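Dear colleague,

Please find the structure below, together with its sequence.

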Amino acid sequence: EGVLGPGAANNSTLGGALIPTVAFGVPGSVVMAVLLGAFIIQVLVPGPPMLIPESQGGHLTLTFSLVWIVVVSNIITVAICFLFLNQLAKITMVRASLVIPFVLLLVYLGGFAENNAFGDLIVVLAFGALGWIMAQLGWPRPPLILGLVLGRLAENSLFLTTDNYGLSWLGFPSVLFLFALILAGTFYPLLKWWLKQKSEPIAELRVAESFTKQNVPVLISELMFSFSVIALMAWALWEARNWGFRPSLFPWTIGFPGLGLGIVQLFLDLRRLLKAKVGARRAVPLARRPPEEARAMKQTAAISGWIIGYFLAIWLLGFSLAIPLTTLLYLRIAGKERWPTTIVATVLAWASFYALFVYALHVPFPRGLMLKSLGL
């Protein structure tokens with residue numbers, strides 16, 4: 001019951017989230033943001049063209065196909081769940097050591113197969129690290145994904161609007177209404193938090209207690225991340241200073257609000273850090289990290305090492321040799337699996353890679369750096 005309820009609710013949002021995605025180009029969820037990125041790759045511009053028949057230059061048939069896919073897929077999903085629910089539930093009992101090698105395989109293959117470029121794997125690692133840092137510091141990641149997907153579309157739309165209307169579009173009633181919604185959504189949480197702090201002042205005992213839960217290094221890390229966001233926005237504005245009005249319009253549009261919000265966040269982080277230091281004088285700091293936190297950090301360091309090691313193996317040996325080698329080593333060393341299980345899983349990983357990407361899709365995987373130096 002704890003899985004079926006949230007799962008059904010999650011599936012029910014697809015139809016509603018599809019409407020603003022197709023009609024306005026505004027994704028209603030993270031899944032729709034990925035779909036919007038697929039639209040852009042296929043040179044499909046969301047908006048009115050998606051609601052116009054093909055005879056008039058639109059893609060109405062594609063829109064109806066999306067609707068029917070959602071309907072039919074939900075029916076199929078329900079039927080499959082009723083038939084195989086007990087068996088599917090057993091997937092949660094699979095050991096993580098058997099899942100992680102296949103997850104890493106799909107991550108690196110997906111990153112490379114997008115453009116058949118090895119440099120994309122570095123981008124995968126960089127954004128993976130950024131996502132982990134944001135998760136640890138409490139920064140939401142969906143807005144970053146939406147920004148990456150919608151950035152080019154927003155820039156093109158801004159250019160077209162400015163070319164057609166100049167700056168007079170800023171006074172349109174619909175634009176003013178959207179600006180009001182953006183400002184309300186941005187500053188309402190801050191106002192609510194400020195009123196709560198004013199009506200319920202934090203006692204010194206609570207400050208001291210919170211210090212034991214959020215120590216100074218964590219708060220300093222949050223402060224440094226906020227400062228890095230400010231530095232990024234300032235750098236973008238500095239680079240765009242001599243570009244002229246039209247090229248620098250989008251950096252200004254994003255840079256100045258981003259810089260202002262970053263400064264506000266930096267002020268809030270600095271305020272929390274000062275309160276924590278004041279509470280440190282009255283609190284009894286932890287002599288060492290709790291066992292759960294130390295164990296989690298050790299596991300994070302271990303899996304990060306395997307992720308980087310997987311990348312280095314691909315770089316030096318290429319995909320064909322790195323996949324079976326790293327899978328074998330991980331299952332045997334980190335997972336401590338038995339030899340029969342290790343060999344079967346390794347063969348399955350390599351066979352899946354070769355059958356789908358090499359034999360069926362003919363993806364041109366490059367040779368590793370070590371093999372190139374040896375002339376192999």
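Which helices each supply at least two residues of the lining of the second largest pocket? They are helix H2 (30-41), H4, helix H5 (119-137) and H6. Helices here are DSSP runs (H or I, at least four residues), numbered from the N terminus.

Before the details, a word on the basis of these notes. This is a predicted model, in which local features need pLDDT of at least 70 and side-chain atom pairs count only at pLDDT 80 or more, while totals for chains, interfaces and linings use all residues. Residues are numbered from 1 along each chain as its sequence is written, and side-chain values use heavy atoms, with hydrogens and water left out.

**The second largest pocket**

A pocket is an open set of points on a 1 Å grid over the protein atoms alone, with protein on both sides within 12 Å along at least five of seven lines; lining residues have an atom within 4 Å of a point. The volume of the second largest pocket is about 1,200 Å³, where a volume is the space filled by probe spheres set on the points, and points are joined across faces, edges and corners. Its lining consists of 24 residues, of which Val-123, Phe-127, Ile-145, Leu-148 and Val-149 are the closest to its centre. With seven residues, H5 gives the most to this lining. By class, the lining of the second largest pocket divides into 14 nonpolar, six polar and four charged residues. In this scheme Ala, Val, Leu, Ile, Met, Phe, Trp, Tyr, Cys and Pro count as nonpolar, Asp, Glu, Lys and Arg as charged, and the others, Gly among them, as polar.

**The cavity**

A cavity is a set of grid points where a 1.4 Å probe fits but cannot get out. The count comes to one cavity of 30 Å³ or more, and the largest cavity has a volume of about 40 Å³. Its lining is made up of Pro-101, Leu-104, Trp-306, Tyr-310, Thr-326, Thr-327 and Tyr-330. Two or more of these residues come from each of helix H4 (96-113), helix H11 (291-317) and helix H12 (319-334), and H12 has the largest share, three residues. Five of the lining residues are nonpolar and two are polar, with no charged residues.

**Salt bridges**

The structure holds three salt bridges, each a side-chain nitrogen of Lys or Arg within 4 Å of a carboxyl oxygen of Asp or Glu. In one of them, the side chains of Arg-95 and Glu-337 meet at 2.8 Å, N to O. Arg-95 sits in the loop between helix H3 (60-89) and H4, and Glu-337 in the loop between H12 and helix H13 (339-360), 242 residues apart. Arg-95 is partly exposed at 44% relative accessibility, whereas Glu-337 is buried at 6%; buried means under 20% relative accessible area, exposed over 50%, and partly exposed in between (1.4 Å probe, protein chains only).

Arg-246 and Asp-163 form another salt bridge, with their closest N and O atoms 2.8 Å apart. Because Arg-246 lies in helix H10 (residues 245-280) and Asp-163 in helix H6 (residues 142-165), this pair ties together parts that are 83 residues apart in sequence. Arg-246 is partly exposed at 42%, and Asp-163 is partly exposed at 46%.

Glu-222 also forms a salt bridge, with Arg-272, at 2.9 Å between the closest N and O atoms. Glu-222 belongs to helix H9 (residues 216-239) and Arg-272 to helix H10, so parts 50 residues apart in sequence are tied together. Glu-222 counts as buried at 7% relative accessibility, and Arg-272 as partly exposed at 33%.

With kind regards
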